[in-house]
Structures are given as C-alpha cells and as structure tokens.
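Please read the points below with the sequence and the structure side by side. They begin with a single residue and then widen to the chain as a whole.

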Amino acid sequence: RAAANAPAGPEGRLADLAVAFEWRPLLNGRVSLGSVGLRGLQLEVSHAADGRLVISGLPLPEATGYVDEQGQTTGWLIGIDKMQISDSTLVYIRNSQRITLKIDLLVVEQLHAWDADKPGRLDFVGSFNGADISVSGEFAPFAQRQNGRLKLRAAGIDIARIATIFADPDLYELRGALDFELDATAAITPGASVVASFEGNAQVRQMVMGLDDVKLRADRFGWRGAIKSSPVDAETTGVFIADNVLLTMPDTEFALAEATANLQPVAVRFGGVSFIGVRWNTRLEAEKLRFRSPEASLSEDKLTVALAGTSDGPRVALSGGELDATGVKLKSGTNDVSLKALKIVTDALKADLLAKGGPEADWDGKVDLTDARLDGERIDGQGSASWDGKVGLKSSGQVALDGTASVAAIRFTNGDAKLALAKGKATLKPLTIGGRDEGKFDWKGRVDLSEMTASTPLAATVTGQAAFDGRAELDFTPALRGRVT
C-alpha cells in the first residue's frame, strides 16, 4: 500500500493518493489494483508539435509492453477493483482554448482487462466548463466488441468553447447552451464499425451560428425521442421543436415563430458511404412563417404538412400526404396574392427525377383554395377553386390532367373588362398540354359552366350557362389551325 501527499508544481498537483495492489500478477504482465484513491488531482493536457499528448508539461513516452517468458512483447493487462477520484480538475488545451473538466466524484469498479467481456461500472458527477454533467452505467473497453450502456446528463454546456477546438475557418460564430438527458448504448467492432442508440431529450438554447455567408439564430432547437444507427442504416422517432428561428443569407431571409416535427419514424439506409434509400412518416406544424427575397416575399399564419413515403434517391413514392396552410400572402413585383386557406391532399405520388428523356411524375389527390385574392397593377381578382383528380408529368414535357376543377364566387378585372362567375365546373378526361412540339395540345373532356356573368368595355353583359363535350386539336405554330369536335 502506498500513499502520497505532495504538491507537484504549478502545472500539476495531487493532494492525496492511496493505492492497494497485488505484486504477484506483475510476473504475468498484469497490473492488479485492489483500490486506487486520488483527491485534489490537477492536470493540464495539451499536444506537442509531433502530436503526442503532453501531461502537465511532460510529453507521454511511446508505449512499451510486457516481455513474456518467450521473449514476446505484449501490452500490460490492467485490472481495477475500485478507483475513486474526487475534488480534481483536468484542463484540455487546444488551439489556445481551454476545456475544463471538474471531477466532484468519479468511481470505476470491477474493470479487468483479463476478463474483457465483463463490463465494469462507471459513475461520474462533475462539471464541463462550469456546466453540470453526470454519467453512470456499465462499459467494457477491453472487449473485442467494445460496448457500453450509459445514462448521460448535462445542463448549460457552452458550445462556443467546444467549437473553437476544431478551428473551422468557415464557421466564424457558434454560440448556445446545450442540455441533454440521454440513455445511450454503443458497440464498436474491429474496423471501427459502430452501432449506437440514444433515447431521451436534448436542446440547444439561444443558438447563433455563422457559416460562410449564412447566419442562423434560434431561441431553441429541441429533440425528444430515440435514434438508432449502424454502418448500414439509421432510424429516428420522436419530436423536433424549433422556436423563433431566423435564417439569413445574402438578400434572403426565412423566419418562423414556432415549429414541431413529429417523426414516426424516419429511416435511412446506406450502401458503404452512399445513401441508397429512406422511408418516412412525418408531420410538421409551423406558425408565423416568413420568407423574403429580392424577387418575392411569402408569409403564412400556420402551416401543417404530413407525409408518408419512400425514396431511393431519384425515385420518390408517397402513400399519403396532406398540406394545410392558412393566412397565405405572396408578393411578387407589383402583384399581391392572398389565400385564406390552402389544402392539398395526396392520395398517391410516384416520381422519377432521372427517368430516360426527362423527369416523370404521377399525382392523385385534391386541392382546395379558399378565398383567393389577386391585387395587381392592372389585374384584380378573387374567388375560390378546387381540383379533384390526377396530374401527370411525362418525360416528353407533356402535362396530363384527369379530374374535375371547380370554381366559385370568381370576380376578375383587367382594365375595363370584367368577369363574374358565381360557380363553374370543368370535367377533364383528360387534358394534355405541351410536349416536345411546343404550341400544340390535344384535349378531350367535358366542361360545364353555370351562372356566368361577364362584362366588357362596351358595357355589354352576358349571363347564362355553357357546356362543351368533345375534342380539340389545336396547333399555334406558325398560325392557329386545328379542329374542334
């Protein structure tokens, strides 16, 4: 048994040391410590020019091993029945920044390298740069498949001091306070293959990040749920929360007052280092959104988006989805557009962004626009409209519509010309527009209009109903020609 009580100079101190160990295992390359007690330890850790660690001014020597009876050099095996460190401080210095770890109490128990698969016990209470942290659980650092199961707690970690360690020249500002309560498990196999999971909650408060010419501010980013990851896939379930977010770029700004994303779940699959697929079932709710650029500005009182689907990169498939927006306002040039409500329901969507010949997509669903208004320099209008049916985009560039469009309470003014439509209905089966031959379209279907009122500059008024059922083949190049049936 040995004990020490002596200052170690300005860069390292140790108030008390007590060690109990067995000497016979040393003959077999084992360092067996029955108990170790340290109090008042103060160390500074930095890096020498060659990259080696420097402990309180002393560079660590290169590792040497134990020479066995056959003359082979192997590493020493270390075992600890119980180690306790208290009232101690470790300071890590890198890039002129100091990270201070204060150890109120650290206890490690039953950790033996010769019984590698049996986990030892770890309990820690202290602070990280003044922020309270605690760690407790089991870990097996000597196992061939290193693993651990830990509870992690922290409150108020200053992320600015962590960021300065990495010295990213593009990251010119990063501030905020990090809190978390997590149950973590991890396993590392030879070759640095990591399988890990986290469950609990985490948040960053009063965050500011500046990266190149992009700046992000937020009162809070928070997450509550679970994350699982491996070299081939990752999955998360839970809730992501954002409060008072402001994102600015040159001449562009995006802001929102509050947002909640419910992930149930989002899963990603990898192939080596490449992304090969994702599936998701998510719901996003956001309030007081605002977007501004030199070309246009957009604001919404409330936005809700729910989506379920899969993607393997260029191919996307939705099995269901819904978008609800209220209080929409769009300004572009001299035109102002407002919507009391917009609702889009997706029954199915299939898209291939890299299809031969060009992107292809098929969508089936419903769209409702309530109380839309247009205020322009010469054109004014208002009304409500809806669509129920299918929309297809072909690789040739054609757009195909198959469904029913309805309008109500339409009022439109262009100079002296006025159009009023109490209600109207158009049944399209199908309408095809565009394609490689620009200026041509082929249409067949049925249009029903009712209670129509139109006014012209000559003060003439037309009222009545109209219906068309047939086919139109028109060509606008070089002059209008075609036939209508």
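1. Leu171 belongs to strand β14, which covers residues 171–189. The model is a predicted one, and this should be kept in mind for each value given in this note.

2. Is Leu171 buried or exposed, or does it fall in between? Its relative accessibility is 25%, so Leu171 counts as partly exposed, because the buried class requires a value under 20% and the exposed class a value over 50%.

3. Which residues does Leu171 touch, once its neighbours within four places in sequence are set aside? The contacts are with Ala163, Met209, Gly210 and Leu211. For Leu211 the separation can be stated as well: its C-alpha atom lies 4.6 Å from that of Leu171, although the two residues are 40 residues apart along the chain.

4. Asp212 sits in the loop that runs between β15 (193–211) and β16 (214–229). With a relative accessibility of 48%, Asp212 is classed as partly exposed. On the surface, Asp212 gathers with Asp168, Asp170 and Asp213 in a patch of negative charge.

5. Turning to the whole protein chain, one helix and 29 strands are found in it. The chain has 485 residues, of which 30% are buried, and it exposes about 28700 Å², with carbon and sulfur atoms supplying 57% of that area.

6. A last point concerns contacts along the protein chain: among those between residues at least 6 apart in sequence, 48% join residues that are at least 24 apart.

How values were computed
Residues are numbered from 1 along each chain as its sequence is written. This is a predicted model: local features need pLDDT of at least 70, side-chain atom pairs count only at pLDDT 80 or more; totals for chains, interfaces and linings use all residues. Side-chain values use heavy atoms; hydrogens and water are left out. Patches are made of residues with over 30% relative accessible area and no salt bridge: like charges are joined within 9 Å, nonpolar side chains (Val, Leu, Ile, Met, Phe, Trp, Tyr) within 5 Å. Accessible areas come from the Shrake-Rupley method with a 1.4 Å probe; for residues, only the protein chains shown count as cover. A salt bridge is a side-chain nitrogen of Lys or Arg within 4 Å of a carboxyl oxygen of Asp or Glu. Lys and Arg count as positive and Asp and Glu as negative; His and the chain ends are not counted. The place of a charge is taken as NZ of Lys, CZ of Arg, CG of Asp or CD of Glu. Helices (H or I, at least four residues) and strands (E, at least two) are DSSP runs, numbered from the N terminus. Buried means under 20% relative accessible area, exposed over 50%, partly exposed in between (1.4 Å probe, protein chains only). Contact means heavy atoms within 4.5 Å.
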